[in-house]
Amino acid sequence: MRRLLAGCAVFIVTLASALPHAQETDRAKVFYNMANSLGMLRTVQELDSVMTFEAWGRGTIRDVAANGTIGPEAQVKSLYAQFAYDFPGMRVDIVRASGQRTIEVVSGTHAWNEIDKLGGGLEPGYGSATPAMDQVALRLLRMWMTPFGAVKAARAAGDQATVTIEGGRTVVTFPLVEGKPEQTVYMVVGELKGTPMKVTLDARYRPAQVEVTFRGRKYVNTYSNYGDLNESDLKADIFVPAHIVATVDGQDVLDLTIDKTNTYNPYVIMPVPPAVQKAGAR
Amino acid sequence: MKQRFVGGVRYAASGCPVRMNRVFAGIGAVVAAFALMPAGIAAQGGNAAAMKDAASRPTPRRSNGVPDFTGIWVQTRSRADNVPAALDKTTGTYTNILRGRTGNPVDFERDSGVRQRVVPREARPWYKPQYWERVRFNDTHGHSSQAPDPEFLCMPPGVPRLGIPQEIVQTDSHMVFLYPLHTRRIYIDGRDHPPEEQWLGTWLGHSVGRWEGDTLVVSTVDFNGQEWLGWPGWFTSPDKRVIERIRRVGNTLTWAAEVTDSLLLQPWKSGPQTRMLDANPMPEIEEPLPCIERDLQHIVTRERG
């Protein structure tokens with residue numbers, strides 16, 4: 001009898017742990033849980049305290065041409081990404097196994113590619129910038145599709161967000177909206193305005209999948225293996241996915257392993273180089 | 001703004017840590033740690049009514065017609081904001097300590113470290129790209145021997161990191177700005193800075209002031225380039241020049257500063273900060289604790305908050 005009871009207890013505990021935990025549909029609570037589960041809410045005031053971060057990784061990439069053609073897979077020898085949600089801006093520095101280096105930047109309503117070095121020619125000898133204004137929307141989309149970006153975008157959407165349960169998972173759907181300048185996020189969405197974003201949460205309310213259909217293409221990012229990826233003597237209790245897979249229309253275009261982060265709001269700025277400002281003014 | 005004491009560290013009005021005599025070192029210091037609020041939030045919690053009343057008073061003037069800045073200038077929060085951890089006599093435990101997400105000292109340190117680095121883009125100095133990496137290095141090594149924050153080593157904070165003066169003594173020829181542990185002399189007799197070849201390279205610089213209406217405009221040059229603008233690794237060069245604007249309205253004093261430096265893409269602004277004249281007819285200032293750095297060799301983490 002005791003064995004039977006013990007067996008039942010083990011079965012019940014196992015079953016309970018296997019069930020999805022994220023069943024909350026109250027919007028405010030879900031917003032809170034999303035931000036809190038990533039470690040974004042800090043101090044007793046529980047303020048969104050993720051403004052900037054850096055990430056280092058590696059993996060594979062396939063280029064997507066303007067006509068939608070997807071190129072061959074290339075090894076990413078190193079990836080270094082900077083995010084500054086208050087600009088809002090993102091700088092992604094990729095070195096492929098072939099040695100080819102690309103530095104793609106978006107800052108507010110401007111986008112450019114930096115050549116040779118970070119800096120975009122803001123100072124003589126520190127790289128140069130090639131305007132890439134046609135990439136603004138897609139790069140902003142990538143930024144708002146990051147876990148922190150998606151949470152900030154959902155919270156910015158406020159009452160326009162809906163929370164549902166799909167397949168036992170909590171799903172938050174909302175349109176991307178322009179926002180007011182705040183301390184930790186300045187929602188600039190440009191052409192993305194009104195584009196619906198669907199965020200599927202894992203059992204701990206962390207973004208597991210972010211989907212957006214924009215200009216007729218479906219972009220899906222999948223996030224897993226969350227952890228504090230800062231170095232061992234610089235832990236911050238801010239959680240980032242160690243594995244990121246991105247698809248476009250169902251085809252893998254990015255498979256990244258994030259090895260390291262600095263989530264202590266490192267010094268990251270995204271000034272728009274003068275040449276890019278001129279291009280943006282045209 | 002307020003000062004608070006955590007683990008033997010005195011946090012300055014700017015929210016930046018100032019390493020103090022480590023009398024309280026160790027676990028006992030953690031237990032004795034005072035309440036902590038993010039500096040920016042604390043600064044907003046001012047006594048608005050008292051401030052309005054202070055500003056409505058007549059502005060005293062000297063015989064030559066300029067405003068008189070003489071006085072002790074106090075923070076504008078209510079005194080209750082400075083009350084540290086309270087001992088609950090019924091339980092023998094402290095409440096209101098380590099105000100992170102939880103009472104866990106690790107959470108407190110990490111929350112503070114994350115939150116103090118939340119600096120809006122306009123408030124971050126925009127360094128030229130060749131210095132971005134150094135700022136990040138300084139930031140993550142600010143409490144190590146590799147790139148120590150000079151304040152952590154008990155060096156003078158420099159200008160404008162000192163912020164608004166705690167006390168001002170004014171004559172017709174000069175003013176004396178008094179801060180805890182530091183003093184500046186501002187010449188307002190019409191003299192200019194010494195020629196650049198005579199500069200010495202100092203922590204607090206050479207300051208001259210002139211009046212623009214009721215606003216004192218203080219120009220400061222001749223720095224040593226070792227002082228930082230702020231806690232997150234914001235280093236400077238000897239080229240730094242600082243313009244402070246200080247204005248008295250009634251019994252309030254408002255201070256703001258603008259920094260130019262060859263390291264920066266554009267001028268960096270600090271402030272404004274406003275203080276009220278100490279209403280106590282017989283005000284006193286407590287002697288500040290001496291600053292002696294004894295921690296550096298014992299620190300085994302780059303976390304700091």
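I count a salt bridge when a side-chain nitrogen of Lys or Arg lies within 4 Å of a carboxyl oxygen of Asp or Glu.

**Ground rules.** I am working on a predicted model, where local features need pLDDT of at least 70 and side-chain atom pairs count only at pLDDT 80 or more, while totals for chains, interfaces and linings use all residues. Residues are numbered from 1 along each chain as its sequence is written, chains are lettered from A and ligands numbered from 1 in the order in which they are written, and side-chain values use heavy atoms, with hydrogens and water left out.

**Entry 1, the interface.** I looked up the contact between the two chains (heavy atoms within 4.5 Å). Chain A gives 40 residues to this contact and chain B gives 34. About 3400 Å² is buried between chain A and chain B, with 59% of it on carbon and sulfur atoms. Buried area here is the accessible area (1.4 Å probe) that two parts lose on being put together, summed over both. On the chain A side, the most area is lost by Asp233(A), Tyr264(A) and Tyr267(A), together 22% of what that side buries.

How many salt bridges cross the interface of chain A and chain B? I find 7 there, and the count over all chains is 35. In one of them, Arg124(B) meets Asp86(A) at 2.8 Å, N to O. Arg124(B) sits in the loop between helix H4 (105-116) and helix H5 (132-140) of chain B, and Asp86(A) in the loop between strand E4 (70-84) and strand E5 (89-96) of chain A, so this pair joins two chains. I also noted Glu231(A) with Arg302(B), whose closest N and O atoms are 2.8 Å apart. Helices (H or I, at least four residues) and strands (E, at least two) are DSSP runs, numbered from the N terminus.

Next I turned to helix H2 (residues 27-37) and helix H4 (residues 147-157) of chain A, which pack at about 155° with axes 10 Å apart. Axes are lines fitted to C-alpha atoms, for helices over the stretch in contact, and angles run from 0 to 180 degrees between N-to-C directions. H2(A) and H4(A) are therefore roughly antiparallel (over 145 degrees). Phe31(A), Tyr32(A), Met34(A) and Ala35(A) of H2(A) touch Val151(A), Ala154(A) and Arg155(A) of H4(A).

Which peptide bonds did I note as cis? The bond from Phe87(A) to Pro88(A) is cis, with omega near -10°, and Pro88(A) is in the loop between E4 and E5 of chain A. The bond from Gly271(B) to Pro272(B) is cis too, with omega near 5°, and Pro272(B) lies in strand E16 (residues 268-277) of chain B.

Note on methods
Angles under 35 degrees count as roughly parallel, over 145 as roughly antiparallel, 65 to 115 as roughly perpendicular and the rest as oblique.
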